[in-house]
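Hi,

Here is the structure I promised to pass on.

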Amino acid sequence: MTRLLGIIGYPLGHSLSPVFQQAALDALRLDVRYERWETPPDSLVERLRSLRQPDVLGANVTVPHKEAVIPLLDAVDEWAQTVGAVNTIVNRDGLLTGYNTDSVGFLQGLTEAGFDPRGVSALLLGAGGAARGVALALAREGVASIAIANRTAERAQALAGLVARHGPRTEALPLGGAALREAALRSQLIVNTTTLGMLHSPGESASPLSPAWIPASALVYDLVYNPLETPLLREARRAGARTQGGLAMLLHQGAAAFVLWTGREAPVDVMRSVLRQVLGV
């Protein structure tokens, strides 16, 4: 019997998960088909019900459902509860458990870049769901301080308050101005969690930081993966800083989900190769 996996979100035209997850399943000769399950918010309850069928292994979850699925699950992993978002669901005999592998993917990207976050000062651009997972992962890894810059001050303040309870010193900043410049110049790690620089987005050609604000000693990590070199990463490279793109996080969060569904080690090299082919590099 062919088993099923899929990704739940709305819309889903941008998702690369079906491409690299199917390549991984095929590489291990698993009789599993990974599908796009475009799910408007008013169809989410019905979609979750369908995941309980015996031929369904589980699903990935993307925007706008990462928080909304939580009350529809039977259990939620402790880390996913802490983050307040689920991006992976596993079906075990009709019972659905939620996990968050985004943080694993983000931290693996730091490892690939040879960067140890312990004791560093970090600047986080954005305060949405992705920023929450990144900030809490960094707090768990022992960063000394996190400055959070966002267009909406209330969201930055709320996230700063949450993260502060997990150890690091925090501050909330506007996304622009002298305070952001000062925070950037004293940071060893700068992470963009906004959509600025994303292909086909309104801010496609924009960078959240002026190039003069990027220290050469920093690692600049952009969660945007399309294009592979965003305006922010291009400016960071010109400033002499190290860079890490969002492909690493996409790849490794998917690999962690693959293990949860199949119990098999993910063929990361196959997944990476397919992603690079699709993105034309």
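At what angle do helix 5 and helix 6 pack, and how far apart are their axes? Before the answer, some ground rules: this is a predicted model, in which local features need pLDDT of at least 70, side-chain atom pairs count only at pLDDT 80 or more, and totals for chains, interfaces and linings use all residues. Residues are numbered from 1 along each chain as its sequence is written, and side-chain values use heavy atoms, with hydrogens and water left out.

Now the helix pair. Helix 5 (residues 129-141) packs on helix 6 (residues 153-164) at about 25°, and the axes are 10 Å apart. Helices here are DSSP runs of H or I with at least four residues, strands are runs of E with at least two, and both are numbered from the N terminus. The axes are lines fitted to C-alpha atoms, for helices over the stretch in contact, with angles running from 0 to 180 degrees between N-to-C directions. The two helices are therefore roughly parallel to each other (under 35 degrees; over 145 is roughly antiparallel, 65 to 115 roughly perpendicular, and the rest oblique). Helix 5 passes helix 6 in a right-handed crossing, meaning that the near helix is turned clockwise from the far one by less than a right angle.

Which residues make that contact? Helix 5 brings Ala-131, Arg-132, Ala-135, Leu-136 and Ala-139, and helix 6 brings Leu-159, Leu-162 and Val-163 (contact means heavy atoms within 4.5 Å). Seven of these residues are nonpolar, one is charged and none is polar. For those classes, Ala, Val, Leu, Ile, Met, Phe, Trp, Tyr, Cys and Pro count as nonpolar, Asp, Glu, Lys and Arg as charged, and the others, Gly among them, as polar.

By class, the contact of helix 1 with helix 9 has seven nonpolar residues, four polar and no charged ones.

On to the inside. The largest nonpolar core holds 33 residues, and Phe-106, Leu-110, Leu-124, Leu-138 and Ile-146 have the most contacts within it. Such a core is a set of buried Ala, Val, Leu, Ile, Met, Phe, Trp, Tyr and Cys residues joined through side-chain atoms within 4.5 Å; buried is under 20% relative accessible area, exposed over 50%, and partly exposed in between (1.4 Å probe, protein chains only). Among the elements giving two or more residues to this core are helix 3 (78-83), helix 4 (102-112), strand 7 (121-125) and strand 8 (145-150). Helix 5 supplies the largest share, seven residues. Leu-138 touches Phe-106, Leu-110, Pro-117, Ala-122, Val-143, Ile-146 and Leu-189, leaving aside its neighbours within four places in sequence.

Just after helix 4, Gly-114 takes a positive phi of about 70°.

Most residues other than glycine have a negative phi, and most peptide bonds are trans. Arg-29, which is not a glycine, has a positive phi near 55° and counts as exposed at 78% relative accessibility. Asp-93 has a positive phi of about 55° as well; you'll find Asp-93 in the loop between strand 5 (88-92) and strand 6 (95-99), exposed at 82% relative accessibility.

Over to you!
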